[in-house]
2 protein chains.
Amino acid sequence: MRITALAGGVGGARFLRGLRSHLDGLGDGPHELTVIGNTGDDITLFGLRVCPDLDTLLYTLGGGVKESQGWGRAGETHVVQGELAAYGAQPQWFALGDRDFATHIARSQWLGQGRSLSEVTALLAQRWGLSEQGVRLLPMSDSPVETHVVIDRGDGETEAVHFQEWWVRHQAGVPAQRFVALGMDRAAAASGVLEAIRGADVVLLPPSNPVVSIGIILGVPGVRDALRGTAAPVVGVSPLIAGAPVRGHADACLAAIGVEASAQAVAGLYADFLDGWVVDPADAECRVKGARLAVHDGPLLMRDVASAAHIAGTALDLALSLRS
Amino acid sequence: MRITALAGGVGGARFLRGLRSHLDGLGDGPHELTVIGNTGDDITLFGLRVCPDLDTLLYTLGGGVKESQGWGRAGETHVVQGELAAYGAQPQWFALGDRDFATHIARSQWLGQGRSLSEVTALLAQRWGLSEQGVRLLPMSDSPVETHVVIDRGDGETEAVHFQEWWVRHQAGVPAQRFVALGMDRAAAASGVLEAIRGADVVLLPPSNPVVSIGIILGVPGVRDALRGTAAPVVGVSPLIAGAPVRGHADACLAAIGVEASAQAVAGLYADFLDGWVVDPADAECRVKGARLAVHDGPLLMRDVASAAHIAGTALDLALSLRS
């Protein structure tokens, strides 16, 4: 089975790790899982290219993530950042550990040698054993796209800050007026991205942020059309339970684009291509036009690999039922 | 007193730290010490700009050096390099610690912002409190100059490898045929370098490698002329004792340029501008045309700050005697 998923960071990574576990349990493999990762969060820090969502996917699928926070490396140390602070290097609001720094150094070195982000991501993925798991991780685009957030400066004027600055430094606490995906007008889908959507047996949308993760990937030229046109059922998992995001600040992001924070409203963002929608029992009343609803038989919370696998199973079963 | 010194890495740094200590002991300060550092050892590793000699000078003068090896940081850890090895990033023959990595990351970030190596070095020096010590560290040039070593490949052909590859990877064990300072034809002395030599009261040459440290600095356009023309006495300290280098591979470097490994022969390399030469008691027989000899009253070994200060005192006293 060829499964293609669009994914942001923590939620996407946990869901996909669960999906891998679920697929292993099925025992009818091998299955091919192509993950299209959001790169709108990417940022250059200390001159190094950092791809937070791709890294979270690599670390989580590769078994190197710091479980308690969902991103970054297990057993991390922070010597380099402490030294950079001593030198007065900026910025200091983004915490990078030493192991994590190595990823950014290797990536930046390889990008500097003229390799594409796709090639570099494949090199990094080797270390994490992704292909041995049947997983192929593709950045949504090889062109830099950076999500910026237009915020109110407080003096009546607005300013655009990098998404990471809003998300990490301000903890999404400053109301966002809108999001701008800088570079998107010049971006093309990375090699294999559109083909993976068109040629899939099943397309899944993990419970990633609908605005700044999935929403950004949907903005890549051709992606939305590929989702509308694919013969595969497209099934998503709600990132909201009873109007509240499971983690992160999806509610603040939805507010910025004038969309209600509800499972139903998020499904509406995908209405033109969504075939199935998995919700928490708390959202069983939810009605989604044109898509079949599946109410998960338990909380839509990915507390561990087993619960994530169970959710992934619900989504996959819904998709398979839509195929037949 | 305005003292200007040309310096390589470990030997230069230890001598200059000793000189600072000696000057403090004199108590007639403040004295200005301008250090012109060799940048021919500079290399780009993992996409980061590494300046081994400048860093050794910063760490040693700033109190952060790993004393037992003379370079690198005290209390160093090696998490980043281990991760880079796991990713298969190259090269792996140059050991960089985490604290050291931070220096290279900060430098590369600032260089990438368009700052000159002089400006970046001044920024790095702030953290190490150099100006509080009356020390100004200047790179010999803001243009990249990289020393390469022409070696015998073993099949009758020669190849040029970066100096660091020869020095660190091969431990100078492969006979060098010659040294080539790539980029020197386009290099200019960094701002302040020639002025510091011309305007000094005393110019000192620490016991740095005469070929690949001092020799490279002497190749920067204008430096040799400034040394010939300065009114200040130019006094050097022999890097050899009884024909053997105190540390490093100066003998292998001298062999490559066809110069005998002796205190006398090294002084000969500086004959056109040298006014005084400090040697070990073992080299008391040494005769240097045109320069006054001072035999140090003990081994010319910098075992600690006190012994280095004592050697620096001998050199400074010789220089001051030549002024009057």
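This is a predicted model: local features need pLDDT of at least 70, side-chain atom pairs count only at pLDDT 80 or more; totals for chains, interfaces and linings use all residues.

Biologist: What radius of gyration does chain A have?
Modeller: The radius is taken over C-alpha atoms, and the globule rule is 2.2 Å times the number of residues to the power 0.38. For 324 residues a compact globule would have a value near 20 Å, and the 19 Å of chain A agrees with this. The C-alpha trace of chain A spans about 60 × 50 × 35 Å along its principal axes.

Biologist: How many helices and strands does chain A have?
Modeller: Helices (H or I, at least four residues) and strands (E, at least two) are DSSP runs numbered from the N terminus. Chain A has 12 helices and 14 strands.

Biologist: In what order do the seven strands of the open sheet in chain B stand?
Modeller: Two strands pair if DSSP finds at least two bridges between them. In chain B the order is 5-2-1-9-10-13-14, with parallel pairing, and the edge strands, each pairing on one side only, are strand 5 (135–139) and strand 14 (292–295) of chain B. Strand 2 (residues 32–37) of chain B joins strand 5 of chain B in the parallel sense over five bridges, and B:Leu33 stands opposite B:Val135 in strand 5 of chain B.

Biologist: Which open sheet of chain A has three strands?
Modeller: That sheet has the order 7-6-8 in chain A, with antiparallel pairing. Strand 7 (158–162) and strand 8 (176–182) of chain A stand at the edges with a single partner strand each, so one side of each is left without a neighbour in the sheet. Strand 6 (residues 146–152) of chain A pairs with strand 7 of chain A over five bridges, and A:His148 stands opposite A:His162 in strand 7 of chain A.

Biologist: How many residues of chain B are in contact with chain A?
Modeller: Contact requires C-beta atoms, placed from the backbone, within 7 Å. On that criterion 22 residues of chain B are in contact with 21 residues of chain A. Helix 3 (79–87), helix 4 (98–112) and helix 5 (117–127) of chain B each supply at least two residues of the side of chain B that touches chain A, and helix 4 of chain B gives the most, with nine residues.

Conventions: Residues are numbered from 1 along each chain as its sequence is written. Chains are lettered from A and ligands numbered from 1 in the order in which they are written. Two residues are in contact if their C-beta atoms, placed from the backbone, lie within 7 Å.
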